[in-house]
Amino acid sequence: MFSRVIVVLVGLAALTACASGETTSSPAAAPTVAASAPASPSAPAPALVITDPWVKTAEKGMSAAFGTLVNNTDADLTIVSGATPVSAVVELHEVVQADGKMVMQPKKGGFVIPARGSHVLEPGGDHIMLMKVTEAVKAGAEVPFTLTLKDGATFEFTALGKDFAGGNEDYQPEMDMGGENG
Ligand SMILES: [Cu+2]
C-alpha cells in the first residue's frame with residue numbers, strides 16, 4: 001500500500017459528520033485505516049480552537065473577550081452565542097462605523113469561521129461582549145467561556161484576564177445599550 005492522504009481525510013470526515021450529521025462518501029475501495037489513527041487519550045483533534053484568548057479586566061459593568069478562532073474542519077462553523085460565569089449577559093458583537101464613529105452592535109448571524117480558516121476577535125473588531133460583569137475579572141484570572149455553535153455543539157475555553165487601557169471606546173462606548181434585539 002502506498003501512503004495516502006486518506007487517513008487524514010477519514011479523520012476529517014468523521015469530524016464533519018459529527019458536527020453536521022452529513023453523510024460522507026467513502027470509496028468502496030478505501031482501506032481500513034482505523035488502526036493507524038493516532039492514539040488520542042481523551043478527545044479527537046479539535047474541530048475548533050482559539051489561540052491567545054484573553055478577557056479585559058473589569059470590576060463590573062462591561063468587558064469583552066478576544067482571541068483568534070481557528071476552524072480545523074472542511075465546513076464553515078458558526079458561533080451563535082456565548083456564556084461565562086462572570087457575566088450575566090453575553091453577546092456576540094461587531095464594531096461598525098456609524099456617522100464617523102465606531103460603535104458596536106450585536107453581530108447578526110453570529111461569528112462565522114470559514115472552513116480551514118480563522119476569525120479574529122480583537123479590540124476594535126468582533127468580540128465576545130460581557131454586558132453585565134457580576135464577578136470582577138482580575139489580571140491573571142482564568143475565566144471560563146462556553147460558545148455555542150449553530151448546530152448546538154458547544155466549545156469551551158479559558159481566557160486570561162488582562163489589563164487593557166487603549167481603545168476602550170471601541171467596545172465600551174458611552175452610549176445607551178438599551179435594546180438587545182438580535
Ligand atoms: Cu461589544
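Modeller: Let's start with Val120, which sits in strand β7, residues 118–121. A strand here is a DSSP run of E with at least two residues, a helix is a run of H or I with at least four, and both are numbered from the N terminus. Residue numbers start from 1 along each chain, following the sequence as written. Keep in mind that this is a predicted model, where local features need a pLDDT of at least 70, side-chain atom pairs count only at pLDDT 80 or more, and totals for chains, interfaces and linings use all residues.

Which residues does Val120 touch, once neighbours within four places in sequence are left aside? Those are Thr68 and Gly125. Touching, or being in contact, means that the two C-beta atoms, again placed from the backbone, lie within 7 Å. Val70 is worth a look too: Val120 and Val70 are 50 residues apart along the chain, and their C-alpha atoms are separated by 8.6 Å.

Now hop over to Ser81, which is in strand β3. Ser81 is also partly exposed, because it has 16 other C-beta atoms within 10 Å. Not counting residues up to four places away in sequence, Ser81 touches Leu92 and Thr148. Between Ser81 and Phe111, which are 30 residues apart along the chain, the C-alpha atoms are separated by 8.9 Å.

Strand β3 itself, residues 77–83, pairs with strand β9, residues 142–149, in the antiparallel sense over four bridges. To count as a pair, two strands need at least two bridges between them as found by DSSP. How many residues lie between β9 and β10 in their hairpin? Four, and Gly152 in that turn has a positive phi of about 95°.

There's another hairpin to compare, made by β4 and β5, with two residues between the strands. Its strands pair in the antiparallel sense over six bridges, and Val96 stands opposite Val103 in β5. Asp99 is in the loop between β4 and β5. Its phi is positive, near 55°, in a residue other than glycine. Asp99 counts as exposed, because 5 other C-beta atoms lie within 10 Å. Asp52, in strand β1, has a positive phi of about 50° although it is not a glycine. Asp52 is exposed too, because it has 11 C-beta neighbours inside 10 Å.

What about the inside? The largest nonpolar core has 24 residues, and Ala64, Ala65 and Ile128 are among those with the most contacts inside it. Such a core is a set of buried Ala, Val, Leu, Ile, Met, Phe, Trp, Tyr and Cys residues joined through C-beta atoms within 7 Å. Elements giving two or more residues to this core include β1 (48–56), β2 (61–71), β3 and β9. Zoom in on Ala65: leaving out residues up to four places away in sequence, its contacts include Pro53, Ile128, Phe145 and Ala159.

Stepping back, the protein comes to two helices and ten strands, in the order α-β-β-β-β-β-β-β-β-β-β-α along the sequence. Of its 182 residues, 24% count as buried. Among contacts between residues at least 6 apart in sequence, 69% join residues at least 24 apart.

One last check is confidence. pLDDT is the predictor's confidence in each residue, from 0 to 100. The protein averages 79, and 66% of the residues score at least 70. Over residues 1–37 the pLDDT is below 50, and this stretch has 28 contacts in the model beyond near neighbours in sequence. Residues 168–182 also stay under 50, with 17 contacts beyond four places in sequence.

Technical notes:
Buried ≥ 20, exposed ≤ 12 C-beta atoms within 10 Å, placed from the backbone.
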